[in-house]
Amino acid sequence: MRISLSHTTRDRDSVAEALTLHARYLCARDPESAAALLGSADRLRRKKITPFVAAARDHALAVLGDRWTERLGRALDDAALVAFADDLAARSPR
C-alpha cells in the first residue's frame with residue numbers, strides 16, 4: 001500500500017477498491033475500523049466506482065448504519081492510513 005499511495009491515480013484507485021472490499025468483510029466485526037477504511041477509500045478514489053465495489057460499499061454502509069460517518073477515514077492522510085492499516089493487520093486473527 002505504501003508504494004501504491006505514492007504513485008498514480010490508478011494505483012490510488014486500486015488501494016481505494018481494496019479498502020472498500022476489506023471494509024465490507026470487517027463491518028460486522030469491527031465497525032469503527034470498517035468506517036475508517038470506507039472514509040479513506042472515498043478520499044483516495046478518483047474514478048467512478050465499479051458495480052462490484054459499489055455493492056460491497058453499499059453492504060458495509062447498511063451494516064454500519066448510524067455508526068458510519070464520512071469523516072472517519074477522510075481525516076487520515078496517506079502516512080496515517082498506512083499506520084492504521086498496519087495496526088489493523090497486527091490485530092487481525094491469524
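Predicted model: local features only at pLDDT ≥ 70, side-chain atom pairs only at ≥ 80, totals over all residues.
Residues are numbered from 1 along each chain as its sequence is written, and side-chain values use heavy atoms, with hydrogens and water left out.

Helix H2 (residues 9–26) and helix H3 (residues 31–44) have axes that come within 8 Å and cross at roughly 160°; the two helices are therefore roughly antiparallel to each other. Helices (H or I, at least four residues) are DSSP runs numbered from the N terminus; axes are lines fitted to C-alpha atoms, for helices over the stretch in contact, with angles from 0 to 180 degrees between N-to-C directions. The crossing of H2 and H3 is left-handed, meaning that the near helix is turned anticlockwise from the far one by less than a right angle.

Contact (heavy atoms within 4.5 Å) involves residues of H2 including Val15, Leu19, Ala23 and Leu26, and residues of H3 including Ala34, Leu37, Ala41 and Leu44. The residues of this H2–H3 contact comprise 11 nonpolar, 4 polar and 3 charged. In this classification, Ala, Val, Leu, Ile, Met, Phe, Trp, Tyr, Cys and Pro are nonpolar, Asp, Glu, Lys and Arg are charged, and the others, Gly among them, are polar.

## Packing of H3 against H6

H3 also packs with H6, at an angle of about 145° and with the axes 12 Å apart. This crossing of H3 and H6 is left-handed. On the H3 side, Ser33, Ala36, Leu37, Ser40, Arg43 and Leu44 meet Asp78, Leu81, Phe84, Leu88 and Arg91 of H6. The contact of H3 with H6 holds 6 nonpolar, 2 polar and 3 charged residues.

## Salt bridges

Side chains of opposite charge can pair when their charged atoms come close. The whole structure contains 7 salt bridges, each defined by a side-chain nitrogen of Lys or Arg within 4 Å of a carboxyl oxygen of Asp or Glu. Arg43 and Asp78 form one, with their closest N and O atoms 3.1 Å apart. Arg43 lies in H3 and Asp78 in H6, so this pair ties together parts that are 35 residues apart in sequence. Salt bridges with shared partners join Arg12, Arg43 and Asp78 into one network. Arg43 is buried, at 18% relative accessible area, whereas Asp78 is partly exposed, at 24%; buried means under 20%, exposed over 50%, and partly exposed in between (1.4 Å probe, protein chains only).

Arg91 pairs with Asp30 in a salt bridge whose closest N and O atoms are 3.5 Å apart. The partners lie in distant parts of the chain, Arg91 in helix H6 (residues 78–91) and Asp30 in the loop between H2 and H3, 61 residues apart. Arg91 is partly exposed at 45% relative accessibility, and Asp30 is buried at 18%.

Arg57 and Asp42 form a salt bridge with an N to O distance of 2.6 Å. This pair connects H4 and H3 across 15 residues. Arg57 is buried at 18% relative accessibility, and Asp42 is buried at 13%.

## Ala56 in H4

Ala56 belongs to helix H4 (residues 51–64) and is buried, at 7% relative accessibility. Apart from its neighbours within four places in sequence, Ala56 contacts Leu21 and Arg24.

Technical notes. Parallel < 35°, antiparallel > 145°, perpendicular 65-115°, else oblique.
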